[in-house]
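Trainee: Before I use any labels, I want to know what stands behind them. Please show me the structure, and let us take the terms one by one.

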Amino acid sequence: MDSFYRPTRVEISLDALQHNLKAFRSAMPQDCKLMASVKANAYGHGAVEIAREAERFGVDYLGVAFLDEALQLRKAGIQTPILVLGFVAADALSAARENNVTVSLFREDIIEAAAALPVDPEGRRLKVHIKIDSGMGRLGVLGQAEAEAFIMKALNVPQLEVEGMFTHYARADEADKSYTKLQYERFQGVVDFVKRNRLPIPIIHAANSAAGIDTPEWAGGMLRLGISMYGLYPSEEVNRKRIELEPVLTLKTEVVMVKTAPPGWGISYGSRYVTSGEEKIGTLPIGYADGYSRMLTGKANGLVRGVKSPIRGTICMDQCMIALDPAEAGGDGSPIQAGEEVVLIGRQGSSLISADEVAGQLGTINYELTCMLAARVPRIYMKGGQATAVDNPLS
């Protein structure tokens with residue numbers, strides 16, 4: 001197991017991850033496959049170890065954003081099928097085929113590039129899932145007639161195995177499902193064409209986490225599980241009572257210096273916070289270079305002895321400061337010393353600072369918050385209360 005010396009770390013609960021995977025597996029139709037999305041370094045949780053745990057669980061597919069992410073997993077020994085959800089260029093198709101990585105297909109020039117691939121000596125074909133734009137307006141073939149022609153063209157290329165077809169919902173996390181219903185109906189028009197002509201496309205899928213929670217009947221043959229795999233809900237508007245999730249990530253650090261600042265003492269750059277009286281201040285070895293954004297200045301809190309305590313002054317690149325008087329007053333009264341644990345995202349005892357709370361302070365969503373956490377922060381993987389692996393690129 002890799003070593004690390006810095007007290008700042010992200011702890012990843014593999015038990016919580018398993019709980020969330022089981023919750024969705026139980027809630028979806030029995031014949032619905034499950035894809036675990038591990039793009040963007042598994043939403044900040046660490047792609048390789050999360051993929052390993054998802055593979056142990058038995059997911060049917062892994063999802064990534066681009067080919068390099070897929071190749072990282074293959075180099076780590078991951079054998080589960082992988083779908084690249086984003087664009088793969090023509091000059092990367094051979095690498096995708098050689099590494100058994102499935103590609104999203106939505107451009108005719110990529111079909112033509114695939115048709116120009118030399119025949120593989122082992123008889124391997126490039127697996128593809130055709131993407132249909134049903135109203136996301138991002139990637140995908142747009143229009144019923146265009147989709148039908150595109151599908152037929154792809155099916156007639158010997159170097160391709162058209163394994164799947166999919167679309168992506170733009171507003172599935174909203175309480176009003178009218179636009180999602182419209183997208184579902186548009187996609188179903190293309191699905192009906194495939195079924196009517198008995199075309200050999202076995203995996204047809206549409207649902208993200210939000211649709212898996214609220215409209216599993218519109219999922220198709222596979223749920224692409226993203227943010228909710230990590231114990232976070234896609235929005236405030238989804239039905240949180242249907243599936244109970246457990247947050248996977250906790251961001252922890254510890255106090256490395258304690259000082260009693262006199263009245264009128266400036267704290268951090270710009271003296272944006274000045275003590276009103278004598279105040280006990282702790283220094284934390286975490287800052288905006290770790291993904292703990294400077295935009296949280298004057299807004300954020302940390303948990304010390306289970307007491308929510310304000311971060312004081314401007315958040316620096318590698319450090320920030322926290323008020324310690326609230327924790328001393330709310331605890332047993334004993335003085336806080338260097339080495340005391342501080343939780344910035346997650347639970348400490350019965351107290352919680354949720355990812356949603358911190359994201360709200362930043363004016364963003366929980367997805368972005370976890371993705372912001374820098375690679376230099378070690379990820380510690382916990383199972384049954386014990387560390388099982390460490391992901392530390394600096395070791």
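Mentor: Start with the elements: helices (H or I, at least four residues) and strands (E, at least two) are DSSP runs, numbered from the N terminus. By that count the protein has 12 helices and 22 strands. This is a predicted model, where local features need pLDDT of at least 70, side-chain atom pairs count only at pLDDT 80 or more, and totals for chains, interfaces and linings use all residues. Residues are numbered from 1 along each chain as its sequence is written, and side-chain values use heavy atoms, with hydrogens and water left out.

Trainee: What is the place of E246?

Mentor: E246 sits in the loop between β10 (222-225) and β11 (249-254).

Trainee: Why is E246 called partly exposed?

Mentor: Buried means under 20% relative accessible area, exposed over 50%, and partly exposed in between (1.4 Å probe, protein chains only). E246 has a relative accessible area of 37%, so E246 is partly exposed. Across the protein, buried residues make up 53% of the 395 residues.

Trainee: Which residues is E246 in contact with, leaving aside its neighbours within four places in sequence?

Mentor: Contact means heavy atoms within 4.5 Å. On that basis E246 touches A16, H19, N20, Y230 and G231.

Trainee: How far apart are E246 and N20 in sequence and in space?

Mentor: They are 226 residues apart in sequence, and 6.6 Å apart in space, C-alpha to C-alpha. In the protein, among contacts between residues at least 6 apart in sequence, 66% join residues at least 24 apart.
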